[in-house]
Amino acid sequence: MDGGQQAKASPPRPAVKLPQGLSAAALEKKLQLRKRAREDAARNLPRHDAADLSGAELSVLEAVAIERGHIDQARDQAKAEAERRLRALAPTPQDFSGPALDARLGLAQAEGRIAHDWRAAAARAAQARGDMEAFKRQHGLRRAAVYPRSTLFQAGLLFCAAVFEALFSAALFAEDDARGLLGGAITAVGLSGANVTLGYLAGFLGLRYMQHAQMPIKIAGGLAFGATALLALMLNLFAADWRDRLAEIAGRQIDMGSDAGFQLWSLLQLDSPQAIILLMLGAGVWVFAALKGYSGFDDPYPDFGKMARATEDAADDLSDFRTTARRELEGPVDAAKLAIAARLEKMRAEFEAMSKAFDAAAAKMETLDAKARALDAAAGAAIHLYRQENMAARTAPAPAYFSAEPPSAGPALDALAPSAAMLDEARARLTDSQRQSSQALEDLLAELNSATARLDAGDAA
């Protein structure tokens, strides 16, 4: 038993001041040891075969016996006080099973409370995954859906294309439009808006549905693309022809309504560079809008992006619900963790106080032991002085016990052994409590994971 003491270098023992009259010199003077040693030597006492101490040596021991008795009494009192103090400070055994049982009950209640909604969310996610897989098998798709997270950027690109065409077209129309820049701008805005709209519809309703697995839908997509492309061609050719006519009648007041009807073959008779540029600009914007309608806003395959988003939304809903439900399931476990930690911390604090009390008792006992050792050392020095004087003055051989160390009562053997045993027992109890708390928390975590697994599998009790 180490009594809770850590292995440290022992500090030097402080010097102990002996009571007055109990130093070696004081004992020699008080008991006249030199004189008695010479007198005993003259009579060849103690005899060379003597085994017992002489009267002078016994008188030295008797002289320190009273003080030794006081020290021994103080040691006994310190021993009893240490045992009483440690017994009062011993860590109180804690119940770690109570919080664990409460947590298991709360966990079971929470599991039953959220089981229905968990199963419903899992069923929705599974249904969405099943529908997605069936859709891919039905349409022969072996890739993941590709679509932008946000269509705002794509819409912004289409808007920029429309604005670009409107600004450029407004400048071209304004050159020969009698209404000036305002009239050209009005015409250009209508032209660019119609061009972008037709291009978008050609891509979204035409190109996308032309690659559909079912032939009727594929044919419908081709018809939609052809119709929108034809309309866009007619629109841009008409705009270019109109620009040529404006150039021809520039400076003359004409009735634009009289030319509303035009021959289709006359649309290709473009004379001015502005009309050709207007036609090329419209064609470019239309192609750009068609490509954006094809793949800029959704997956190129019809309904594939919609199915993928539905599957992803269902999976996200399940994940969010699972996170919230898991947090609810962890509530009783966290409460039990706090309760167990508080009880364990209480035991640690009690053991720390017990250890400090033992250290204080050990320091006090060391002081008393030092006094006892100093007193024994003074008595031993006085007896040694008597023996030296006796051997110097005698003619007969000195007894054999003169060569042995003077007798010393010494401090009692390990007076704090019972206290150290109590401290070791408290340490073992604390270690066992730590093991119990860790095991309780591990069991709760395993129960939490089991509950989660049951809910994931749809087998909640």
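This is a predicted model: local features need pLDDT of at least 70, side-chain atom pairs count only at pLDDT 80 or more; totals for chains, interfaces and linings use all residues.

Author: Happy to. Two stretches call for care. The pLDDT falls below 50 over residues 1-12, a stretch with 15 contacts in the model beyond near neighbours in sequence. Residues 251-267 are also below 50, and there the model has 13 such contacts. Across the protein, the mean pLDDT is 82, with 84% of residues at 70 or more.

Now for the setting. The protein has ten helices and zero strands. Of its 461 residues, 38% are buried. Taking contacts between residues at least 6 apart in sequence, 85% join residues at least 24 apart. The exposed surface comes to about 25800 Å², of which carbon and sulfur atoms supply 60%.

That brings us to helix 9, which runs over residues 304-393. With 90 residues, helix 9 spans 124 Å from first C-alpha to last, close to the 134 Å expected at 1.5 Å a residue. Helix 9 also has a kink of about 35 degrees at glycine 331, shortly before proline 332.

Finally, the side chain I'd zoom in on: arginine 326, also in helix 9. Leaving aside residues up to four places away in sequence, arginine 326 touches Leu448, Asn449 and Thr452. With threonine 452 there is a polar contact, side chain to side chain, at 2.9 Å.

Notes: Residues are numbered from 1 along each chain as its sequence is written. Side-chain values use heavy atoms; hydrogens and water are left out. Helices (H or I, at least four residues) and strands (E, at least two) are DSSP runs, numbered from the N terminus. A polar contact is a pair of N or O atoms within 3.5 Å; within protein, one must be able to donate a hydrogen and the other to accept it, and residues adjacent in sequence count only if both atoms are side-chain atoms. Contact means heavy atoms within 4.5 Å. pLDDT is the predictor's confidence in each residue, from 0 to 100. The expected span of a helix is 1.5 Å times one less than its number of residues. The bend at a residue is the angle between axes fitted to the seven residues ending there and the seven starting there. Buried means under 20% relative accessible area, exposed over 50%, partly exposed in between (1.4 Å probe, protein chains only). Accessible areas come from the Shrake-Rupley method with a 1.4 Å probe; for residues, only the protein chains shown count as cover.
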